[in-house]
Amino acid sequence: MSTATTTETHEAVYTFSPETLQAVLAPDEAPRRPSWLSASITFGWRAMLKIKHVPEQLFDVTAFPIMMTLMFTYLFGGALAGSTTEYLQFLLPGIMVMSVVMITMYTGIAVNTDITKGVFDRFRTLPIWRPSTMVGYLLGDAFRYTVASLVILGIGLVLGFRPDGGVVGVAAGIGVLVAFSFAFSWIWTMFGLLLRSEKSVMGISMMVLFPLTFLSNVFVDPSTMPGWLQAFVDVNPISHLVGAVRALMDGGWDTTDMTWVLVSGALFTVVFGFLTMRLYNRR
């Protein structure tokens, strides 16, 4: 085939009429901008897909909670209550709170990882509600918190945990825990944007989480502690979260603890959510 014939063939293939070009490049109606809810759910689904493709991410919400429950039940049960089964009735709501709150730090690590890889540069160019990227992370992590709670509940039931609140009380307790953890995670999104590396985020997170979770009412009644330590435990939001979840699972309701949980959760969302978006918009 000659060169002239080849050129004519190519021209025939790639020649479009003005009407065709107009139909493709200038549609009658531009696509609508996604709503805040749609964008948030989409980014939440993205977080879920990351778990699907890297299932090792579920290690911290399966193996870690099981290890924590078994270790502290059999380490302290006989010494503190004389019976592991009896101690488990007190411990399990607390260890559930401790385990879930500890894994909230991975939200900040995920944010920092995406920034390092340049993914956020792409997100910032999209015509979407700005906070939807952060809300999406938290929605995906809410699934992880629920899985961790159910894993701990399952191992607790096998070991002999019997909540007086029944299914309703347990569901309410897990719901309060997941909602608070969603609000608490805004702290780590801020650090994920503020700090330069994953190791820095993890280091700061552990420095904050260890005193908050261990210096609380997770393992023992605060009345046995020295007065200066009780003063810290009494204002520790994790202590009030444990008290609220423990009361719900026991079939009761603690107004004081629940008020603390609601107020502190709202403050975490407003204050650290604002700081997170301020840092995000300035990057």
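The dialogue below goes from the overall fold to the cores, the ring pairs and the surface.

Author: This is a predicted model, in which local features need pLDDT of at least 70, side-chain atom pairs count only at pLDDT 80 or more, and totals for chains, interfaces and linings use all residues. Residues are numbered from 1 along each chain as its sequence is written, and side-chain values use heavy atoms, with hydrogens and water left out.

Reader: How many helices and strands does the protein have?

Author: Helices (H or I, at least four residues) and strands (E, at least two) are DSSP runs, numbered from the N terminus. Here there are 14 helices and zero strands.

Reader: What share of the residues is buried?

Author: Buried means under 20% relative accessible area, exposed means over 50%, and partly exposed lies in between (1.4 Å probe, protein chains only). Of the 283 residues in the protein, 44% are buried.

Reader: Which residues have the most contacts inside the largest nonpolar core?

Author: A nonpolar core is a set of buried Ala, Val, Leu, Ile, Met, Phe, Trp, Tyr and Cys residues joined through side-chain atoms within 4.5 Å. The largest one has 50 residues, and those with the most contacts inside it are Ile95, Met96, Val97, Phe184, Phe219 and Leu241. Helix 5 (84-103) is among the helices that each supply at least two residues of this core. With twelve residues, helix 5 gives the most to it. A second, separate core has 15 residues, including Phe123, Tyr137, Trp186 and Met277.

Reader: Which residues does Phe219 touch?

Author: A contact means heavy atoms within 4.5 Å. Leaving out residues up to four places away in sequence, Phe219 touches Phe72, Phe76, Leu80, Tyr87, Phe90, Leu91, Ile95, Met98 and Phe214. For the whole protein, among contacts between residues at least 6 apart in sequence, 79% join residues at least 24 apart.

Reader: How many aromatic pairs are there in the whole structure?

Author: A pair of aromatic rings is described by the distance of the centres and the angle of the planes. Rings of Phe, Tyr and Trp (its six-membered ring) pair if their centres lie within 6.5 Å; planes under 30 degrees apart count as stacked, over 60 as edge-to-face and the rest as tilted. A search of the whole structure finds 14 such pairs. The rings of Phe184 and Phe268 have centres 5.3 Å apart and planes at 80°, so this pair is edge-to-face. Phe184 is in helix 9 and Phe268 in helix 14, 84 residues apart, and the pair links distant parts of the chain. Both residues are buried.

Reader: Is the pair of Phe210 and Phe214 stacked or edge-to-face?

Author: Phe210 and Phe214 are stacked, at 5.3 Å centre to centre and 0° between the planes. Both lie in helix 11, four residues apart, about one turn of the helix. Phe210 is partly exposed at 38% relative accessibility, and Phe214 is partly exposed at 33%.

Reader: Which residues form the nonpolar patch on the surface?

Author: Patches are made of residues with over 30% relative accessible area and no salt bridge: like charges are joined within 9 Å, nonpolar side chains (Val, Leu, Ile, Met, Phe, Trp, Tyr) within 5 Å. A salt bridge is a side-chain nitrogen of Lys or Arg within 4 Å of a carboxyl oxygen of Asp or Glu. Accessible areas come from the Shrake-Rupley method with a 1.4 Å probe; for residues, only the protein chains shown count as cover. Trp36, Leu37, Ile41, Trp129 and Leu139 form the patch, with about 500 Å² of accessible area together. Helix 3 (residues 36-53) gives the most to it, with three residues. Trp129 sits in the loop between helix 7 (119-123) and helix 8 (132-159).
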